[in-house]
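This briefing is intended for a reader who is meeting the structure for the first time. Please keep the sequence and the model in view while reading the points below.

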Amino acid sequence: MDVIPVGPRIATSLLSVLAQRRTAVSNEKPDNAPFGNLSRRSVFGIGSALTAAALAGVAANAQQVRSSDHHLPNESDPGPKNSALEGENPDSVWSPETDNGTVAPFKYSFALARKRVESGGWTRQITVRELPISKTMAGVEMRLTAGGVRELHWHVEAEWAIMLYGNARITAVDQEGSSFVSDVGEGDLWLFPKGVPHSIQGLGPDGCRFLLVFDDGDFNEFETFLITDWLAHTPKEVLGKNFNVPESTFDHVPQKELFIFQAGLPGDLKAEQNEAAAGSGVVQQRFDFRASQMKPTKVTRSGEVKIIDSKNFPATPIAAAIVRLKPGGLRELHWHPNADEWQYYMSGKGRMTVFAAGTHARTMDLQEGDVGYVLQSEPHYIENTGDTDLVFLEMFKSDHYEDISLAEWMSHTPHLLVDQHLHVGKAMIDGIPKQEAVITPL
């Protein structure tokens, strides 16, 4: 016979059942019967009641495997741990009960990326090598001193950028020989098309810091085409012939790439624009965009979003949304049907749950300096879990922005059909706004 272990609460329940049964029996027994009418049937009745109570108590106890304050024995966590990292990632340490299965990590922090430091500033990157899920896009953070130069270079990938701090002068020359020279400040964007040579230089008083986003996860900031590197690996007699000057003209070309180097501040903007445009003019489409001056595309009481794609920034093959969520605000449940989503968290903290189908879902916490990534068409949300605004970028390898909202889908599908799926009541479905919210509560 198996013995069912019981705790104090279950024992109390058993005693209560036994007392009730004995009272019922005692009310039936004659005065001269020492055990009353305690028949075989009555004994088995008591036994059945005791067993049922024990099993019910064990089942109730077995169901309580999680507690809000994690005090249960099965939730204890003795031994070594990284308390600081766990404190930043509560939804990984104690994931929501709706999380399930194995979902590949979809975040990586720039704080973990190796920083390359040069005389004119520093840079670090997050690519598919750091974040394996990020196959379509990569990101680079860069800091330039006042006068610091990211040297003249180009690369196969398109470069989208946003200024995070300070000011810079950017230059480029397109396939027609047309030039572009402009100064950009905090909140401004720029886009250098694939293969177009360009440069970035920090301005006074304190240079700049910016984010670069590239439309290939395998991009490598440390392996771009640099003007110094190219000329150092070209015979001087060929250089002389190419420019119709003596070979000795190139005696002082650096034999090692400059990459990021310190220089003096650039000259007057108008003078440099005129000098660069001489003979061939300026590019037909501007390579910069004043997002800092743009009105939000959507505003609710919980935040706002600015959407920038080829509709309002014709030069860009990369679509973007700049999202601001107030404390408690939610970037509503949605997905993107046309591209993977690459995210950069500029300020605040929040969490994101990604549903990967087949019952798989995972929640991760994100904060300033983190990169997030969501595969094409995987539904998700972002929630502000902090006490300050959460500001982040949504980036897509597409010239136009697309998303589909769960609420909008439900509101424009026959309501009876939706309720037959979800059993939430037709009144609830009738009350869903007909227009996409983007940010909730409205």
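Strand β16 is largely enclosed by the rest of the structure, because 6 of its 7 residues are buried; buried means under 20% relative accessible area, exposed means over 50%, and partly exposed lies in between (1.4 Å probe, protein chains only). Helices (H or I, at least four residues) and strands (E, at least two) are DSSP runs, numbered from the N terminus. The model is a predicted one, in which local features need pLDDT of at least 70 and side-chain atom pairs count only at pLDDT 80 or more, while totals for chains, interfaces and linings use all residues. Residues are numbered from 1 along each chain as its sequence is written, and side-chain values use heavy atoms, with hydrogens and water left out.

**The sheet around β16**

- Strand β16 belongs to an open sheet of 7 strands with antiparallel pairing, in the order β1-β21-β18-β23-β16-β15-β14; two strands pair if DSSP finds at least two bridges between them.
- The edges of this sheet are β1 (107-109) and β14 (298-300); each has a single partner strand, so one side of each is left without a neighbour in the sheet.
- From one strand to the next, the twist averages 15 degrees, where axes are lines fitted to C-alpha atoms (for helices over the stretch in contact) and angles run from 0 to 180 degrees between N-to-C directions.
- On one side, β16 (residues 319-325) pairs with β15 (residues 303-308) in the antiparallel sense over 6 bridges.
- The pairing of β16 with β23 is also antiparallel, and comprises 7 bridges.
- Ala320 in β16 is the bridge partner of Ile308, and Ala320 also stands opposite Met395 in β23.
- In a regular strand, side chains alternate between the two faces of the sheet.

- Val438 is found in the loop between α10 (426-430) and β25 (439-440).
- With a relative accessibility of 10%, Val438 counts as buried.
- Leaving aside neighbours within four places in sequence, Val438 is in contact (heavy atoms within 4.5 Å) with Lys298, Val305, Leu330, Arg331 and Glu332.
- Val438 and Val299 are 139 residues apart in sequence, and their C-alpha atoms are 8.9 Å apart in space.

**Salt bridges**

- The whole structure contains 22 salt bridges, a salt bridge being a side-chain nitrogen of Lys or Arg within 4 Å of a carboxyl oxygen of Asp or Glu.
- Arg331 and Asp403 meet through their side chains in a salt bridge, at 2.9 Å from N to O.
- This pair links distant parts of the chain, 72 residues apart: Arg331 is in strand β17 (residues 330-335), and Asp403 is in the loop between β23 (390-396) and β24 (404-405).
- Both partners are buried, Arg331 at 1% relative accessibility and Asp403 at 15%.
- Another salt bridge joins the side chains of Arg169 and Asp183 (2.7 Å, N to O).
- Here too, distant parts of the chain are linked: Arg169 lies in strand β6 (residues 159-173) and Asp183 in strand β7 (residues 179-185), 14 residues apart.
- Arg169 is buried at 6%, whereas Asp183 is partly exposed at 22%.
- Arg116 forms a salt bridge with Glu118, and their closest N and O atoms are 2.8 Å apart.
- Arg116 has a relative accessible area of 14% and is buried, while Glu118, at 25%, is partly exposed.
- A network of salt bridges links Asp188, Arg286, Asp288 and Arg290.

**Backbone features**

- The peptide bond between Gly204 and Pro205 is cis, with omega about 5 degrees; Pro205 is located in the loop between β9 (198-202) and β10 (208-214).
- A cis peptide bond also runs from Thr440 to Pro441, with omega near -5 degrees, and Pro441 is placed in the segment after β25.
- Asn244 is not a glycine, yet its phi is positive at about 60 degrees.
- The position of Asn244 is in the loop between α6 (236-243) and β12 (260-261), and Asn244 is exposed, with a relative accessible area of 71%.
- His423, in the loop between α9 and α10, has a positive phi of about 55 degrees although it is not a glycine.
- At 66% relative accessibility, His423 is exposed.
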